[in-house]
Amino acid sequence: MLVLAFGLSAAAQVSKNTTGKMKYPETNKIAHTDTYFGTNVNDPHHWLEDDRSPETMAWVKAQNEVTYNYLKKIPYRDALKKRMEQLWNYEKIGAPFKEGGYTYFYKNNGLQNQSVLYRKNASGKEEVFLDPNTFSKDGTTSLGAVDFSKDGSKVAYSISEGGSDWRKIILMDALSKRIMEDTIVDVKFSGVSWKGNEGFYYSSYDKPQGSELSAKTDQHKLYFHKLGTAQKSDKVIFGMDQKRRYVSGSVTEDDKYLVISAANSTYGNELYMTDLSNDANPIVTVVNDFKSSSYVIENEDTKLFIVTDWNAPNQKIVTVDFSNPKPENWKDFIAETEYVLSPSTGGGYFFAHYMKDAVSAVKQYDYSGKLIRDIVLPGIGTVSGFNGKKTDKPLYFTFTNYITPGNTYSFEANGGKSEVYQKPKVDFNGDNYVSKQVFYTSKDGAKIPMIITHKKGLKLDGKNPTMLYGYGGFSVSLTPAFSIANAIWMENGGIYAVPNLRGGGEYGKKWHDAGTKMLKQNVFDDFIAAAEYLIANKYTSKDYLAIRGGSNGGLLVGATMTQRPDLMKVALPAVGVLDMLRYHTFTSGAGWAYDYGTSEDSKEMFEYIKGYSPVHNVKKGVQYPATMVTTGDHDDRVVPAHSFKFAAELQDKQTGNNPTLIRIDVKAGHGAGKSVAATIQENVDIQAFTLYNMGIKSLPNWKK
């Protein structure tokens, strides 16, 4: 690729009137051209990719000033915030888990920025174990994974600062709560898995040249840290000679094997194992290509239980002996069905979670493969849990849907009895709402499910503000789940609609593949058809429709609003992948190529991607919907340059008076670990912006 660049100049000093009465900061255009297969592509806002430059920082500050001045003028913004805080302010307690002689659980008293990890001893005495609210004054340092040694006497926990994917791992004596040794630094995309009590495995990249928040990282390595030694002495277990973008290691519950997964994209992995009884034992290859996804879920001595979609697009569990673990020796344990399998283990049983049109069903099996029971669930919705150690009794699971806050249940695996363990006291009555699934037809005739949720008795007159939320990628499944923010939206008379677009995982690998690479347009067509269904059936109209999505869903919103700007009143792309020609050049973006392909693959792929890339399809003379782009300045998953460029293009080319704003959270990343205060304010601003641009004059109870 040929790159021609010229010098920078001051970027955000002068305001100009670009669309009607709305004034935006001046965004300089600086000549820059990329060449793909003989085609020159201008990139005048390329300079915004430099997240460390004074010019970019000044631009961010100026854009935020315009955005927040606009938001402050919305008359019911404060009322929305007050109600959001009121509804959010309830005690949240997670399912307990046992480590050593203690029972641990997470709890948030309501509006704490981060949930606190508590524990109880055998006599029931309760104490705070880790309080991430003390990690930083502004709540921007969050607690990540917490992993205990086999006997529960030691713990390794990770923290994120400012929302970055880069982590630090802190070692602590779990009994005394004293820090044991120096912090492990520069860790990314990693869990922690202990080998007995002597040390643990973790993964990371070498620190990149240039900005750690945007520079490319593409060689992941698996390390072993032995307690009492310096990080510089940590041994590379995998990834030094075999370059892989994503590497992880986990130790089986019995401490017998280390399982290594290696991948170059977000789908498909190699699988390796080694016997930990002797350091000299070789790493054994189980799967040697990236054509399928497989992982070891359990073992009984040398008998392995492997979850795989090899010759099974909806996944199955197979067994094989470690002595000869290649796929040709695999035998079905839980066979593939017409529904997507997502299994767990705990209490000496296997639990086969299935999705039936994006809602949960669970079957329980013993270690011989015998069906014990179909588990009776509390209702139609999403179930998670049924996992733990082999000796854990009872197990726990949570149940939720769009009108039911997450309830935690205890489950006796031997008898099959379940009962409520924790029911949150939320000021929301789901009986006053309806949540129903419909199926609509996409452009090519595909049937797409969508769940529509709203107040009972709502008049279908085409005037209901409607939030259409989508994702459609990376085999991610959108299943029903309760949200305080969505509850507020519906409480004020809004409709919340979620279609299960192709590219997701709701119907297995075939559904995923149908929304990838040269079929990516299917995803956008599915989303457009969802909007058209809602309008045709009088749920809403184009003047009361907002589209929303984050990350890959931000791409979805960006592509939809540039292809069909006439279809919606408001567009809300969050932390989106919006420059599709260059996404693979940032951080770990190259690993997304299974879904997207890249602009460097072929002329055909380049032209296809350029045809929908949001940054490259904003056109002069078009009236785009009122748009608020949201991102975080520490997002090193989908770098904020995507959002910066898209907002700059919209502000430059928008016709008419619809505002095109960008809201940039400072010291925030892709979303994980965001403080409660920041999360509430973001949701308030999104809803206020949306309703205001739909012409809603006042709250609450603006619509009876």
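Me: Which residues does Ser344 touch, not counting residues up to four places away in sequence?
Reply: This is a predicted model, in which local features need pLDDT of at least 70 and side-chain atom pairs count only at pLDDT 80 or more, while totals for chains, interfaces and linings use all residues. Residues are numbered from 1 along each chain as its sequence is written, and side-chain values use heavy atoms, with hydrogens and water left out. With contact meaning heavy atoms within 4.5 Å, Ser344 touches Ile297, Tyr349, Phe350, Phe351, His353, Gly385, Phe386 and Asn387.

Me: With which side chain does the side chain of Ser344 make a polar contact?
Reply: A polar contact is a pair of N or O atoms within 3.5 Å; within protein, one must be able to donate a hydrogen and the other to accept it, and residues adjacent in sequence count only if both atoms are side-chain atoms. Ser344 has a relative accessible area of 10%, so it is buried (under 20%; exposed is over 50%, partly exposed in between, with a 1.4 Å probe and protein chains only). At 3.1 Å, the partner of its side chain is that of His353.

Me: In which strand is the place of Ser344?
Reply: Helices (H or I, at least four residues) and strands (E, at least two) are DSSP runs, numbered from the N terminus. On that numbering, Ser344 falls in strand β28.

Me: In what order do the four strands form an open sheet?
Reply: Two strands pair if DSSP finds at least two bridges between them. The pairing in this sheet is antiparallel, and β28 (340-346) and β31 (371-374) are its edge strands, each pairing on one side only. The order is β28-β29-β30-β31.

Me: What is the bridge partner of Gln364 in β31?
Reply: Strand β30 (residues 359-365) pairs with β31 in the antiparallel sense over three bridges. For Gln364, the partner in β31 is Arg373.

Me: How many of the eight residues of helix α3 are buried?
Reply: Helix α3 (residues 484-491) is largely enclosed by the rest of the structure. Its buried residues, among them Trp489 and Glu491, pack against α2 (77-88), β36 (433-441), β37 (447-455), β38 (466-469), β39 (495-499) and α10 (676-693).

Me: At the start of α3, which backbone nitrogen does a side-chain oxygen of Ser483 reach?
Reply: The oxygen of Ser483 comes to within 3.2 Å of a backbone nitrogen at the start of α3. That nitrogen belongs to Ala485.

Me: What is omega for the cis peptide bond that joins Lys393 and Pro394?
Reply: Pro394 is found in the loop between β32 (382-385) and β33 (395-401). The bond joining Lys393 to Pro394 is cis, with omega at about -5 degrees.

Me: What positive phi does Ser551 have?
Reply: Most residues other than glycine have a negative phi. Ser551 sits in the loop between β40 (545-550) and α6 (552-563) and is buried, with a relative accessible area of 14%. Although Ser551 is not a glycine, its phi is about 65 degrees.
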